Amino acid sequence: ELKNTSGLLYPPEAPELQIRKMADLCFLVQHYELAYSCYHTAKKDFLNDQAMLYAAGALEMAAVSAFLQPGAPRPYPAHYMETAIQTYRDICKNMVLAERCVLLSAEILKSQSKYSEAAALLIRLTSEDSDLRSALLLEQAAHCFINMKSPMVRKFAFHMILAGHRFSKAGQKKHALRCYCQAMQVYKGKGWSLAEDHINFTIGRQSFTLRQLDNAVSAFRHILINDSKQPPAQQGAFLREYLYVYKNVTQLSPDGPLPQLPLPYINSSATRVFFGHDRRPAEGEKQAATHVSLDQEYDSESSQQWKELEEQVVSVVNKGVIPSNFQPTQFCLNRYSDNSKFPLAVIEEPITVEVSFRNPLKVPLLLTDLSLLWKFQPKDFNVKHDGEAKELGTCDDDTIGTEAIAEFLINSEETKVARLKLFPHQTGELHILGVVYNLGTVQGSVTLDGIDPSIGLQTGKFVSNGLSVRGRQDLEIQGPRLNNTKGEKTSIKYGPDRRLDPIITEEMPLLEVFFINFPTGLLCGEIRKAYVEFVNVSKCPLTALKVVSKHPEFFTFGGNTAVLTPLSPSASENCSAYKTVVTDPTSVRTALLSSASSVDFGVGTGGQPEVIHVPLPDAVLLPGASVQLPMWLRGPDEEGVHEINFLFYYESIKRHSKMCHRVLRHTAVICTSRSLHIRATVCRSNALEDEEGRGDNMLLFVDVENINTSETGVKEFHIVQVSSNSKHWKLQKSVKISEDKGAYLCHQEDGKSGF
């Protein structure tokens with residue numbers, strides 16, 4: 001006997017039950033048409049008797065029988081299933097049967113390609129009373145959306161996220177992770193940054209819970225490297241979560257290789273490499289040679305001029321031939337320089353690498369113990385045996401000394417450069433691989449001695465939250481695109497960039513040059529005396545010191561005698577090229593003598609060579625020694641601002657296979673203004689006799705005109721002396737000259753004197 005919903009009992013011989021049994025028997029023997037008729041009849045009787053549970057069952061089986069009929073004489077009665085589901089859920093309160101009916105109906109609808117109706121049916125049964133059931137139904141609904149004729153991809157991803165959330169609430173972490181990973185395939189790279197952040201954060205959390213630490217690190221890494229639109233507080237939370245997970249990963253394998261860190265961003269192509277020491281600053285009256293530094297901007301035109309000057313002096317040294325292995329000296333390598341060849345560095349001289357960092361987050365990043373990572377292969381270039389390659393990043397190594405930056409703070413969304421140094425102690429081949437550092441955050445909520453935290457960040461007093469991880473980032477620089485041959489033009493090929501692969505050569509001399517009393521302004525044609533000091537700051541002697549310039553007429557070196565190199569070159573009288581000696585105070589006649597001879601002004605015969613030999617004592621400058629020479633300067637004939645380049649060339653007394661010479665650069669900026677215009681005419685004199693009473697003398701007439709028109713320049717010239725330089729002639733006396741006050745020339749005035 002069975003009880004209906006009204007409390008009445010169905011006896012076993014009740015006609016409703018007999019019809020139901022007959023329908024089940026027909027269904028079992030696959031007589032679906034007769035089964036449908038029987039279920040339909042039983043359904044009516046159960047409804048009349050208010051036996052809703054049995055009526056819902058009859059409706060469910062009638063719909064299935066109609067679907068299974070061969071040839072499909074009648075359409076699938078989906079409304080039967082909907083009525084049965086509603087009856088199970090609302091009247092009978094039996095969610096298990098309702099869920100079974102929904103899954104069965106959904107499969108029937110999917111077999112008929114009615115994915116939209118199936119998805120709606122599955123979503124309708126979700127509720128808050130069972131997270132696991134709702135998760136299963138939402139996942140099935142998501143698959144319906146993706147299998148439609150026109151796939152609804154975003155609806156699939158959205159419902160997969162909902163299913164993953166319900167799986168997580170039900171404690172099914174693996175299923176939740178699977179759903180989120182499938183949804184991530186849709187949202188990834190579509191510009192939905194906030195959705196990506198949420199999904200990656202959840203994937204990271206679930207993976208960490210399941211001890212899938214590599215997946216967790218990867219998920220948190222994607223949060224940090226994307227252009228996040230999260231507020232600073234949320235970005236800080238993501239970063240702390242990443243550091244916590246990363247620290248757990250590194251603790252599992254403390255002796256493993258350093259992992260790649262995602263922050264901060266490194267602009268590898270902007271990396272610059274500088275070879276050599278930082279130049280000493282000016283000392284009092286001494287002005288150091290400008291040379292090259294990382295603070296100077298790259299100028300392709302200037303670089304070409306320096307290259308031409310070096311080629312010129314190398315050609316002169318090698319008797320007009322440039323060696324085939326000649327490599328122009330490059331002190332600073334960047335993205336614009338020629339990096340196709342391996343650069344040369346000198347042992348015991350620092351290599352400075354400037355790395356550009358960018359913080360994409362809105363929270364500051366604190367890098368500690370920042371240093372370079374390198375690989376070195378010792379090699380003696382005089383023998384063929386090579387040593388084993390070493391990859392290290394320590395600061396106390398005997399092969400390569402590494403300088404570390406203790407703390408390096410990058411503020412929010414800031415681009416900042418760090419200059420890191422290496423000190424090679426052995427010859428060989430060096431390969432700079434990247435940077436290694438500890439990544440941490442700054443505790444912004446803590447005040448520093450009662451001061452605002454932002455002030456502390458600027459003064460260098462950083463407060464870390466104690467959570468940091470150690471890792472590395474590689475410097476991967478892509479060379480220039482090749483575009484020479486036809487094959488290179490029709491394809492995409494890139495040449496090598498070897499700025500991070502220097503060759504460490506043997507010890508070489510190192511020259512420093514200082515200029516004393518070097519003027520910044522001259523009159524056109526003015527001769528001024530300055531001093532230049534050469535210092536050998538290395539441990540090996542240098543020789544063959546030369547200087548080359550595109551303006552050799554601007555300067556020449558004097559001798560290194562005691563007369564021309566006084567103990568106090570800063571004295572004003574030592575800056576003049578001439579000296580007047582009065583022989584007879586009562587006489588108008590004045591002997592005009594010069595303290596400098598023609599030899600002191602350089603060669604004195606023929607044209608001035610562009611490559612000038614610097615007269616060193618014994619032609620060698622010993623280690624730690626210095627020499628000071630007078631330098632005569634002549635103002636250019638054209639007024640304006642002039643840039644004059646000096647290239648000092650020198651060699652070691654010991655020949656090396658890799659580096660044959662070194663150079664030092666200096667650029668002098670001279671501002672010249674108009675001064676005097678002088679015209680001299682000569683005629684034979686039959687009446688003028690010299691001191692010995694001999695004739696055959698000459699009359700020299702000198703017209704001097706003040707052509708300076710500048711109101712800010714020299715307004716008046718006082719002619720106090722006229723001198724001559726000749727092996728056969730000398731000035732004897734002045735035929736016409738003003739009184740003892742001399743001759744004064746104002747603007748546009750001229751005067752004439754005879755000798």
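## Strand E17 and its partners

Let's start in the sheet: strand E5 (residues 286-288) and E17 run antiparallel and are joined by three bridges. Within this pairing, glutamine 287 has phenylalanine 515 of E17 as its bridge partner. Please keep in mind that this is a predicted model.

E17 also runs antiparallel to strand E19 (residues 527-536), with six bridges between the two. Because six of the six residues of E17 (residues 511-516) are buried, the strand is largely enclosed by the rest of the structure.

## Helix H4 and its buried face

Helix H4 (residues 78-91) has 14 residues and spans 19 Å from its first C-alpha to its last, close to the expected 20 Å. Its buried residues are Tyr80, Met81, Ala84, Ile85, Thr87 and Tyr88. Looking down the axis of H4, you will find these buried residues within an arc of 160°, so they line one face of the helix.

Glutamate 60 is buried, at 3% relative accessible area, whereas arginine 100 is partly exposed at 43%.

Another salt bridge joins lysine 169 and aspartate 131 (3.9 Å, N to O). Lysine 169 belongs to helix H8 (residues 153-169) and aspartate 131 to helix H7 (residues 131-146), so the pair ties together parts that are 38 residues apart in sequence. Lysine 169 is partly exposed at 46% relative accessibility; aspartate 131, at 19%, counts as buried because the cut-off for that class is under 20%. Arginine 205 and glutamate 241 form a salt bridge too, their closest N and O atoms being 2.7 Å apart. Returning to lysine 169 and aspartate 131, salt bridges with shared partners join Glu128, Asp131, Arg166 and Lys169 into one network.

## A nonpolar patch on the surface

Finally, have a look at Leu25, Leu28 and Val29, which form a nonpolar surface patch with about 340 Å² of accessible area together. Leucine 28 is part of helix H1 (residues 15-28), and this residue is exposed, with a relative accessible area of 68%.

Notes
Residues numbered from 1 in each chain as written. Predicted model: local features only at pLDDT ≥ 70, side-chain atom pairs only at ≥ 80, totals over all residues. Heavy atoms only, no water. Patch = residues over 30% accessible without salt bridge, like charges linked within 9 Å, V, L, I, M, F, W, Y side chains within 5 Å. Areas by Shrake-Rupley, 256 points an atom, 1.4 Å probe, with all protein chains shown as cover. Salt bridge = Lys/Arg side-chain N within 4 Å of Asp/Glu carboxyl O. Helix = DSSP H or I, 4+ residues; strand = E, 2+ residues; numbered from the N terminus. Buried < 20%, exposed > 50% of the residue type's maximum accessible area, 1.4 Å probe, protein only. Pairing = 2+ DSSP bridges. Expected span 1.5 Å × (residues − 1). Arc of directions from axis to C-beta.
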